[in-house]
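Subject: Handover of a structure

Dear colleague,

Please find below the structure that I am handing over to you.

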Amino acid sequence: MAEKTKVRPQDDLYEYVNGDFIKKARIPSDHPSVGGFITLRDNVEKIMLREFQSFANGRRAPDELLERAILLYKKVLDTDGRKKIGYRPLIEKLSYLDSIKTLDDLTASFYYLYDHNYPLPFQLGIDTDMKDTRRHVIAMTGPSIILPDTTYYQNNENGKKLLNVYADSATEILANVYGETKAKKLVHDALAFDKRIAGLVKSQEEWADYVKSYNPTETETVIEKVFPIRLGDFLQSRFGTLPEKIVIMDPRFFDNFSSLLNEKTIREYVAWAKMTLAIGMANYLDEETRILASSYSRALSGVKDSPTTEKFAYRLVNSFYGEPIGIYYGKKYFGEKAKKDVIKIVQDLIETYKERLAENTWLSKKTREKAIVKLDKMVLKIGYPEKADPSYYALTFSPESSLFEIVDTLAIERGRYGDSLFSKPVDRTRWVMDAHLVNACYNPSYNDITFPAAILQAPFYSLEQKPEENYGGIGTVIGHEISHAFDNNGAQMDEFGNINNWWTKKDYDVFQKKTQAMIEQFDGLPLLDSKVNGKLVVSENIADNGGVASSLQTMERNIKKPDYQAFFLNFARIWCTKARPQYTKLLLNIDVHSPCYYRADMQVRNFPQFHAAFKVKEGDGMYMPVDKRIIIW
């Protein structure tokens with residue numbers, strides 16, 4: 001409990017609230033971290049594992065989609081059957097790549113490779129048009145790299161160590177297909193191609209500014225960039241039309257595509273395709289290979305053990321049938337009373353936002369009115385959807401097939417269904433999060449916020465908690481998601497999610513200055529032997545800041561004499577996390593959220609209510625001078 005710690009809240013709120021837990025907690029051997037979101041996620045997983053085991057033992061599943069999920073679950077648990085099949089499915093899948101030796105071979109095979117889920121030298125798919133969110137567009141970007149970010153390739157010793165782990169496991173897996181000598185050569189060439197990719201694609205910091213990913217380009221220009229691949233013929237065959245424009249999400253990559261793929265590098269590409277396919281699909285062979293294939297991901301996060309077969313089975317099934325599983329969880333474990341209460345909190349917070357906009361001193365009336373329109377149009381998705389998205393009914397498979405073949409089939413069918421949406425209008429009723437996820441989100445293209453059933457539990461929310469604790473928990477999370485509509489990315493999109501400048505130039509200039517101040521407040525904050533990247537985390541920090549501000553004011557409007565300490569103590573509690581050092585460093589490089597420690601400790605320093613509640617004064621660790629405090633929304 002907080003009272004047992006020697007640290008004062010005036011000096012370190014996070015340590016005061018969570019220090020005792022962090023000292024005593026033991027991170028499970030198959031976990032990168034424990035506490036907060038992770039503990040709640042584990043609790044939900046335990047509940048659903050019991051449900052799945054009951055279904056697997058003969059209890060009738062309530063619907064067709066859950067039946068398919070249970071069939072897949074049981075297929076994973078059949079470890080003896082998987083072991084008997086061995087590497088045959090992987091060998092058959094890889095054999096198609098053996099015929100590709102020239103660029104002409106690749107061009108001739110391109111449609112088959114795309115349709116059958118092979119790694120390609122660029123990624124192509126269907127996305128929402130960010131300038132007209134009623135319709136879909138074809139979007140293209142570079143392929144994924146092996147290491148978590150481009151920065152890991154820049155004379156980074158940790159990056160070299162991680163690549164060695166990846167190379168060792170890939171070599172061992174491919175040796176079972178090609179023999180050790182050829183496997184080593186394949187991995188050598190594949191890593192060379194991966195390094196080429198890393199020199200062209202965006203960093204995580206660049207991806208964080210996601211509006212810059214919208215670069216509609218004349219299709220003929222894109223066709224020229226990816227020559228000799230006959231992209232026009234492919235688009236006609238796949239989509240039945242040649243669109244006028246394609247959205248290029250990573251322009252630098254395509255401007256330099258010819259340096260990545262040419263007659264000199266085609267061998268490297270084929271080796272890279274074989275290696276990444278083998279690593280990606282090795283999980284679905286026998287258990288020994290699954291554990292071997294996870295060596296790299298475990299090294300990334302410092303985890304000792306792979307998940308148990310049961311956990312792996314459940315998580316795999318979730319990756320394909322997540323929404324139907326979430327609906328089952330929501331209907332059984334989510335109370336209508338809690339849902340109504342949370343809806344009221346959301347509506348109250350939106351009203352608070354309108355009040356804060358009306359009182360805003362740095363926005364013009366015109367911009368304020370546009371912001372209020374965006375709030376009025378915001379759609380709330382709370383708990384779980386009433387029915388599963390039609391895409392899940394397309395995911396069929398033969399129970400007689402091997403696990404490898406089933407997973408491959410499901411991935412192919414999902415890709416085909418996604419592409420079939422190109423000529424259809426965007427379905428804005430679709431949920432982007434499953435109901436049994438301990439999470440929440442704002443979808444900028446839909447201008448909606450989603451609060452899955454699973455997050456609506458203590459310490460975030462409980463009917464048993466003080467109202468002030470709920471405001472410090474779920475209230476700040478709700479305010480956070482609303483605030484994403486007005487972060488550095490969301491601020492560039494209108495009430496329908498379209499990229500559209502609804503600001504006056506003067507107002508937007510002020511907003512950019514405030515955004516820069518938020519970047520500077522967090523940039524360089526130390527953690528272990530690393531530092532926070534202020535640009536990478538700015539959108540989430542703006543949202544955290546707005547979440548605290550709006551929830552505080554909502555609480556003040558609804559409670560005559562609120563317990564501010566309870567609010568801030570629970571705000572610090574929801575970020576309680578103990579993580580392995582490797583995982584902490586990984587998140588610092590790739591996560592757009594600030595470390596949990598600073599999400600709690602840095603944000604509250606911006607608010608006079610915090611200083612007053614704990615009588616924080618100059619000289620205290622948590623004190624922040626008034627002129628350094630930032631409140632944007």
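Leaving aside neighbours within four places in sequence, Tyr321 is in contact with Leu65, Arg68, Ala69, Leu72, Tyr392, Leu395, Phe397 and Leu410. Please bear in mind throughout that this is a predicted model.

Tyr321 also belongs to the largest nonpolar core, which has 191 residues. Together with Phe122, Leu231, Tyr269 and Trp633, Tyr321 is among the residues with the most contacts inside that core. Apart from this core lies another, of eight residues, including Met130, Val137, Ala139 and Tyr214. As general background, nonpolar side chains in soluble globular proteins tend to be buried together.

Ala139 leads on to the strands. Strand E3 (residues 136–141) pairs with strand E5 (residues 245–248) in the parallel sense, over two bridges, and Ala139 stands opposite Val247 in E5. E5 also pairs with strand E4 (residues 216–218), here in the antiparallel sense and over three bridges. In that pairing, Thr217 stands opposite Ile246 of E5.

A further group of strands forms an open sheet of three, in the order E6-E8-E7 and with mixed pairing. Its edge strands are E6 (379–383) and E7 (441–443), each of which pairs on one side only. From one strand to the next, the twist averages 20°. E6 and strand E8 (residues 448–452) pair in the parallel sense over five bridges, and Gly383 stands opposite Pro452 in E8.

Two helices pack on this sheet. Helix H18 (residues 336–359) touches E6 and E8, and its direction makes about 150° with that of E6. Helix H21 (residues 467–483) touches E7 and E8, and its direction makes about 150° with that of E8.

Finally, there is a helix pair to note. Helix H24 (residues 564–573) packs against helix H26 (residues 596–604) at an angle of about 150°, and their axes are 8 Å apart. H24 is therefore roughly antiparallel to H26, since angles over 145 degrees count as such. On the H24 side, the contact is made by Phe568, Phe571 and Ala572; on the H26 side, it is made by Arg599, Ala600 and Val604. By class, this contact has five nonpolar residues, no polar residues and one charged residue.

With kind regards

Key: Residues are numbered from 1 along each chain as its sequence is written. This is a predicted model: local features need pLDDT of at least 70, side-chain atom pairs count only at pLDDT 80 or more; totals for chains, interfaces and linings use all residues. Side-chain values use heavy atoms; hydrogens and water are left out. Axes are lines fitted to C-alpha atoms, for helices over the stretch in contact, and angles run from 0 to 180 degrees between N-to-C directions. Helices (H or I, at least four residues) and strands (E, at least two) are DSSP runs, numbered from the N terminus. Angles under 35 degrees count as roughly parallel, over 145 as roughly antiparallel, 65 to 115 as roughly perpendicular and the rest as oblique. Contact means heavy atoms within 4.5 Å. Ala, Val, Leu, Ile, Met, Phe, Trp, Tyr, Cys and Pro count as nonpolar, Asp, Glu, Lys and Arg as charged, and the others, Gly among them, as polar. A nonpolar core is a set of buried Ala, Val, Leu, Ile, Met, Phe, Trp, Tyr and Cys residues joined through side-chain atoms within 4.5 Å. Buried means under 20% relative accessible area, exposed over 50%, partly exposed in between (1.4 Å probe, protein chains only). Two strands pair if DSSP finds at least two bridges between them.
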